[in-house]
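Here are a few exercises to work through with the model open on your screen. Try each one before you read its solution.

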Amino acid sequence: MGLAWENWSGSLRFRPYHLSLPASESEVLWLVQKALRHRRRLRPVGASHTSMPLYSTDDTLVSLEKMSGVIHHDEKASTARCLPGTTMLTLGKELLDRKLSPINLGDVALQQIAGAIGTGTHGTGMKIGNLSTMLVGGRLVTGKGEVLSFSENDSELLKAMRVSLGMLGIFTELKLKLLPLYRLRRREWFTTFFSLTNHLDDLCLHNRNFDFYWYPRSDEVKIRTLNFPDEGKMNVPGAKLDEDWEDWAQNILHKHTKLKNRFDEMEYDVPFAEGPSCFLKIRERILSRWRRSVCWRLLYRTIEADDSYLSPATGRRSVSISLHQNAGLPYEEYFRDIEPILLSHGGRPHWAKKHTLKKEDLKKLYPAWDKFFDLRRKLDPEGLFLNPYLEELR
Ligand SMILES: Cc1cc2nc3c(=O)[nH]c(=O)nc-3n(C[C@H](O)[C@H](O)[C@H](O)COP(=O)(O)OP(=O)(O)OC[C@H]3O[C@@H](n4cnc5c(N)ncnc54)[C@H](O)[C@@H]3O)c2cc1C
């Protein structure tokens with residue numbers, strides 16, 4: 001029967017036959033070699049925040065939670081090597097002692113570093129890449145039962161590793177590019193949607209990190225900015241300042257450590273220039289069809305372009321638009337109604353969040369799709385790291 005496993009929102013459920021909790025690279029290697037001998041399959045899992053079946057398996061689930069912490073740092077080069085199961089919260093704390101800070105974080109810091117990097121998790125900031133771009137080297141146990149060590153010099157390999165959905169192997173160590181310890185000031189304002197639209201370009205351009213939440217029921221907006229102290233927008237015309245505080249970057253980049261309510265989410269990245277018109281269409285559709293049944297906010301963020309093969313921001317600066325629905329409530333019809341709007345603006349789905357695209361659709365969105373899957377075949381010729389969902393993608 002196996003053990004019952006579910007993701008953070010509860011919308012993804014499966015029963016792995018076995019759960020392995022390796023505590024070292026040699027234990028991961030032993031697991032992979034054993035699986036190869038017995039023709040078994042493995043799926044690595046982080047903090048299970050992903051709601052697509054990337055780690056679902058009825059075979060062996062490999063949790064890296066025992067492999068946590070920063071194991072080496074170089075203050076001068078602003079880099080650190082850490083273990084795959086280190087949560088972003090732990091990473092931030094351990095970097096503080098080492099006088100280093102992450103370049104960016106997402107809205108929560110509960111993900112494990114290998115999981116966050118594996119799906120192209122991002123924060124906001126039009127000149128800041130997603131978290132995967134912080135990966136500059138590491139160690140991976142491949143499907144051939146070997147340890148592959150890679151560095152800044154392996155540029156093509158890095159482009160594949162950075163967003164690899166746990167398809168190339170199991171990370172046992174990740175080397176991250178960071179920044180010297182720095183402070184940020186967070187300011188949040190409330191305003192109307194109409195007022196926001198007059199200042200959107202300005203807000204994107206003149207803040208290190210900027211995003212906004214739109215609340216369908218009230219048609220109000222919460223603007224959030226993060227800047228180096230004494231830089232960025234000090235006020236937003238027509239908006240009411242709600243929060244204003246300053247802290248070390250790792251304590252303030254993520255907003256939530258505990259969320260009161262759980263939710264399911266769909267998110268797409270569209271080209272930066274498409275963001276405003278795409279959002280306007282979605283707003284119109286929600287106001288006309290979904291306002292009564294959906295009370296959750298929508299989130300608008302920006303992400304710098306990168307060159308990772310499977311990154312939703314590959315080759316283009318992007319805007320991400322995400323929709324939420326309370327966990328346990330039906331989300332399918334709502335998401336399915338909005339998804340074509342996102343696609344018509346050139347959207348690429350977040351790998352970790354709900355979407356309905358299949359291989360044929362996805363392949364068209366990623367110019368380096370074949371390069372990624374050629375490498376996958378080389379690193380995992382037996383398909384040890386595949387599950388039924390990933391089988392369909394390859
Ligand atoms: C409350 C919440 C807030 C979120 N906020 C944001 C946000 O602000 N920005 C954003 O972009 N996304 C966000 N997400 C999505 C989230 O960042 C991703 O789902 C992320 O992948 C979760 O990390 P995890 O540790 O839970 O990994 P999991 O979801 O457990 O796994 C993700 C992927 O990583 C692989 N993996 C895990 N460990 C390893 C390893 N050691 N080696 C190789 N592969 C591995 C898994 O196989 C899987 O493919 C959020 C999700 C939730 C539920």
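**Exercise 1.** Which element gives the most residues to the lining of the largest cavity?

*Solution.* Before we start: this is a predicted model, so local features need pLDDT of at least 70 and side-chain atom pairs count only at pLDDT 80 or more, while totals for chains, interfaces and linings use all residues. Residues are numbered from 1 along each chain as its sequence is written, and side-chain values use heavy atoms, with hydrogens and water left out.

Step 1: find the space. On a 1 Å grid over the protein atoms alone, a cavity is a set of points where a 1.4 Å probe fits but cannot get out; a pocket is an open set with protein on both sides within 12 Å along at least five of seven lines; lining residues have an atom within 4 Å of a point. There are three cavities of 30 Å³ or more, and the largest holds about 830 Å³ (grid points are joined across faces, edges and corners, and the volume is what probe spheres set on the points fill).

Step 2: Elements giving two or more residues include helix 3 (113-118) and strand 11 (170-177) (helices, H or I, of at least four residues and strands, E, of at least two are DSSP runs numbered from the N terminus).

Step 3: Helix 3 gives the most, with four residues.

**Exercise 2.** Which helix gives the most to the lining of the largest pocket?

*Solution.* Step 1: the largest pocket has a volume of about 190 Å³. Step 2: its lining includes Tyr-17, Trp-30 and Arg-40. Step 3: strand 3 (18-20) and helix 1 (25-37) each supply at least two lining residues, and helix 1 comes out on top with four.

**Exercise 3.** Which strands stand at the edges of the open eight-stranded sheet?

*Solution.* Step 1: write down the order, 16-13-15-14-18-19-17-20, with antiparallel pairing (two strands pair if DSSP finds at least two bridges between them). Step 2: read off the ends. Strand 16 (240-248) and strand 20 (348-349) each have a single partner strand, so one side of each lacks a neighbour in the sheet.

**Exercise 4.** How many bridges join strand 17 and strand 19?

*Solution.* Step 1: the two strands pair antiparallel over nine bridges.
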